[in-house]
Amino acid sequence: MSRLSRFAVLIIIAAFTLASCDGLFSVENPGPIDEEALNDPDAVPGLVTGMSSDFSLGYRVATYWGGVWADEHTHSGTFSAPTIFSRGELPPADIDPWYQTAQQARWVAEDGLERMQEVLGDEFNNSEETARAYLFAGYSNRTLGENTCRAVSDGGEPQSFEAHFERALDHFRDAEDVASQVGRSDLESAALAGQASVLAALGDWEEAHSTAEEVAIGFQHEAIYSNNSSRENNNWPGNTIERGEYSVYDTVWEGVDDPRLPQRVVTTAGGDTATAADGSTPWITQLKHETDADNIALSKGTEMRLISAEYMLRDQGADGIDAALELINEVREFHDIPEEVTANNLEEAWSTLQIERGKELWLEGRRFWDLRRWHDEGPDSPAYHDYLEGRDTCVPIGQSEQSTNPNI
């Protein structure tokens with residue numbers, strides 16, 4: 001299928017998506033859309049809507065599967081892939097559904113930007129849709145970089161996973177430029193927050209810190225979900241509240257009294273703790289994503305403060321403890337948590353930072369990366385975290401890619 005034909009399909013999908021919005025749109029299926037219609041700037045918003053849809057589809061899986069890859073929740077159900085993941089194993093065949101959707105989101109955004117440049121011409125850098133598209137390209141690459149062992153793009157040869165972070169950085173910088181040009185400060189902040197996170201991932205902590213400082217603490221940019229169709233759901237209530245496929249039981253977060261960790265013990269009619277879907281695990285459900293229409297954060301100003309706190313510990317060691325704790329407590333104050341955290345030494349400061357980051361990003365698809373990077377620094381580093389010891393620390397290239405890519 002040609003690139004132009006693939007975009008015709010994307011526009012058709014976007015049209016069906018819009019048609020499903022009860023009360024907002026009343027449209028009839030127009031049938032096949034002529035490819036020439038794509039050469040119209042009016043088609044661009046639908047194209048970017050398609051990018052959003054594909055990104056959210058892959059990201060929802062990264063949040064609940066990623067929670068099992070990490071330490072955020074226990075698999076307490078009967079689904080086969082998470083059962084394997086719970087043993088710390090990430091086989092190519094089992095992670096393949098996520099791998100394909102994540103790669104599709106990246107391709108749709110990056111190839112879509114090329115198409116938009118052709119269609120919009122001189123107006124390409126004067127469109128807020130361009131800024132949005134760059135953000136989807138940036139966040140899709142960041143997601144792949146944070147989770148995969150190797151970067152593979154469009155049938156090419158495997159590269160270091162950091163190649164995804166480098167692509168993400170370029171896209172976020174382009175998003176910032178366009179957002180500034182069109183006066184969209186919210187998209188500009190999302191681009192800055194995205195940059196800060198990938199700069200940290202690439203080890204440029206000083207630049208990550210200075211970029212993070214430009215983002216207001218109350219800022220939040222999200223992946224979008226809705227109740228319009230099953231494709232647009234975040235899938236969290238069905239997996240955790242209605243059916244206990246995942247439980248907070250036996251995690252470091254179980255029973256922690258913190259507004260960032262909302263959870264509830266599910267009880268029987270007799271008042272006992274109910275068992276989850278596997279019939280044996282105590283069922284403690286998350287309440288962070290209570291409806292299928294709850295959006296999921298991609299970047300937050302609170303995370304930016306924790307990036308700066310980590311920079312202080314990395315750059316200044318024990319001399320940076322006070323500055324790091326001040327930033328951590330600023331985040332806690334933002335959430336109306338009255339108790340301040342303290343640390344008597346560098347080891348305690350690192351432990352506090354890692355716990356606070358875990359609380360702040362709980363069930364948002366980011367914890368696996370944190371545990372991975374801290375683990376990879378090794379036991380001699382004050383940042384070392386041992387949770388992934390003896391477990392797979394990254395997602396391999398998916399089985400379908402391995403079977404069809406001649407460069408692997």
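The side chains of serine 299 and tyrosine 139 make a polar contact of 2.7 Å. Serine 299 sits in strand β8, residues 296–300. The model behind this briefing is predicted.

- Serine 299 has a relative accessibility of 1%, so it counts as buried, the cut-off being under 20%.
- Leaving out residues up to four places away in sequence, serine 299 touches Tyr139, Arg142, Ala193, Gly194, Phe219, Gln220 and His221.

**Histidine 171 in helix α6**

- Helix α6 spans residues 162–182 and holds histidine 171.
- Histidine 171 is buried, because its relative accessible area is 13% and the limit for buried is under 20%.
- A polar contact of 3.0 Å links the side chain of histidine 171 to the side chain of glutamate 110.
- Beyond four places in sequence, histidine 171 touches Glu110, Leu113, Tyr134, Ala137, Gly138 and Asn141.
- Histidine 171 and glutamate 340 are 169 residues apart along the chain, and their C-alpha atoms are separated by 37 Å.

- Arginine 260 lies in the loop between β5 (246–247) and β6.
- Its relative accessibility is 6%, so arginine 260 counts as buried.
- The side chain of arginine 260 makes a polar contact of 2.9 Å with the side chain of glutamate 356.
- Another polar contact, of 3.1 Å, joins the side chains of arginine 260 and glutamate 360.
- Not counting residues up to four places away in sequence, arginine 260 touches Lys288, Val331, Arg332, His335, Ile337, Glu356, Lys359, Glu360 and Trp362.

**Helix α10 against helix α11**

- Two packed helices are described by the angle between their axes and the distance between the axes.
- Helix α10 covers residues 301–316, and helix α11 covers residues 321–334.
- These helices pack at an angle of about 165 degrees, with axes 8 Å apart.
- The angle is over 145 degrees, so α10 and α11 are roughly antiparallel to each other.
- Their crossing is left-handed.
- From α10, the contact uses Thr302, Arg305, Leu306, Ser308, Ala309, Met312 and Leu313.
- From α11, the contact uses Ile321, Ala323, Ala324, Leu327, Ile328, Glu330, Val331 and Phe334.
- By type, the residues of this contact are eleven nonpolar, two polar and two charged.

**Helix α10 against helix α12**

- Helix α12 runs over residues 346–360.
- The axes of α10 and α12 come within 11 Å and cross at roughly 160 degrees.
- This pair is also over the 145-degree limit, so α10 and α12 are roughly antiparallel to each other.
- The crossing of α10 and α12 is left-handed.

**Serine 280 in a loop**

- Serine 280 lies in the loop between β6 (263–265) and β7 (284–286).
- Serine 280 is exposed, because its relative accessible area is 53% and the limit for exposed is over 50%.
- From C-alpha to C-alpha, serine 280 and arginine 173 are 49 Å apart in space, and 107 residues separate them in sequence.

- Aspartate 154 has a phi near 55 degrees, a positive value in a residue other than glycine.
- Aspartate 154 is placed in the loop between β2 (150–151) and β3 (159–160).
- With a relative accessible area of 53%, aspartate 154 is exposed.
- Leucine 363 also has a positive phi, of about 60 degrees, although it is not a glycine.
- Leucine 363 lies in the loop between α12 and α13 (367–376).
- Leucine 363 counts as buried, at 0% relative accessibility.

Note on methods:
Residues are numbered from 1 along each chain as its sequence is written. This is a predicted model: local features need pLDDT of at least 70, side-chain atom pairs count only at pLDDT 80 or more; totals for chains, interfaces and linings use all residues. Side-chain values use heavy atoms; hydrogens and water are left out. Axes are lines fitted to C-alpha atoms, for helices over the stretch in contact, and angles run from 0 to 180 degrees between N-to-C directions. Helices (H or I, at least four residues) and strands (E, at least two) are DSSP runs, numbered from the N terminus. Angles under 35 degrees count as roughly parallel, over 145 as roughly antiparallel, 65 to 115 as roughly perpendicular and the rest as oblique. A crossing is left-handed if the near helix is turned anticlockwise from the far one by less than a right angle, and right-handed if clockwise. Contact means heavy atoms within 4.5 Å. Ala, Val, Leu, Ile, Met, Phe, Trp, Tyr, Cys and Pro count as nonpolar, Asp, Glu, Lys and Arg as charged, and the others, Gly among them, as polar. Buried means under 20% relative accessible area, exposed over 50%, partly exposed in between (1.4 Å probe, protein chains only). A polar contact is a pair of N or O atoms within 3.5 Å; within protein, one must be able to donate a hydrogen and the other to accept it, and residues adjacent in sequence count only if both atoms are side-chain atoms.
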